[in-house]
Amino acid sequence: MKLGIIIETKEYEKAWNAMRFAVTAKKTGHEVKVFLMGEAVEIENMTHEKYDVAAQVQAFDELDGEILACGTCLKSRNMEGSDVCPISTMIDCVQMVEWADKVVTF
């Protein structure tokens, strides 16, 4: 199955669960794309003693998962994209939704 995951939060536990879901889906053979929107564009560097979001982002990347980060949301935070979370557009988000069999939001 093709799964699109839209993450809009940087709340540690929710972002951690979203990325754990993405990692688990990849490990069980699904095609997965993640789109980061709003405050979620900050999750690549989020670490917490209990909810290590950055570790889940890294695990997803190591499984060749694709993460896209909203360019407008990055710019509004004076941030840039990265190799793991490149700058993307709302058109990319729409294309991900069209590509996916199911879309999940966190």
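Predicted model: local features only at pLDDT ≥ 70, side-chain atom pairs only at ≥ 80, totals over all residues.

Begin with the strands. An open sheet is built from 5 strands, which run in the order E4-E3-E2-E1-E5 with parallel pairing. Its edges are E4 and strand E5 (102–105), each of which pairs on one side only. Further in, strand E2 (residues 31–36) is joined to strand E3 (residues 66–70) by 4 bridges, in the parallel sense. Within this pair, Val 34 lies opposite Ile 67 of E3.

Next comes the packing. The largest nonpolar core has 34 residues, and those touching the most other members are Ile 7, Met 19, Val 34, Leu 36, Ile 43 and Ile 67. Two or more residues each come from strand E1 (2–7), helix H1 (12–27), E2, helix H2 (53–62), E3, H3 and helix H4 (90–99). H1 makes the largest contribution, 7 residues.

Apart from neighbours within four places in sequence, Ile 67 contacts Met 19, Val 34, Leu 36, Val 57, Phe 60, Val 84, Cys 85 and Pro 86.

Of these contacts, take Val 84. Val 84 sits in the loop between helix H3 (71–76) and strand E4 (87–88). Is Val 84 buried or exposed? Val 84 counts as buried because its relative accessibility is 16%, and the cut-off for buried is under 20%. Setting aside residues up to four places away in sequence, Val 84 touches Glu 44, Val 57, Asp 61 and Ile 67. The C-alpha atom of Val 84 is also 8.1 Å from that of Gln 58, a residue 26 positions away along the chain.

Key: Residues numbered from 1 in each chain as written. Heavy atoms only, no water. Buried < 20%, exposed > 50% of the residue type's maximum accessible area, 1.4 Å probe, protein only. Contact = heavy atoms within 4.5 Å. Pairing = 2+ DSSP bridges. Core = buried A, V, L, I, M, F, W, Y, C linked by side-chain atoms within 4.5 Å.
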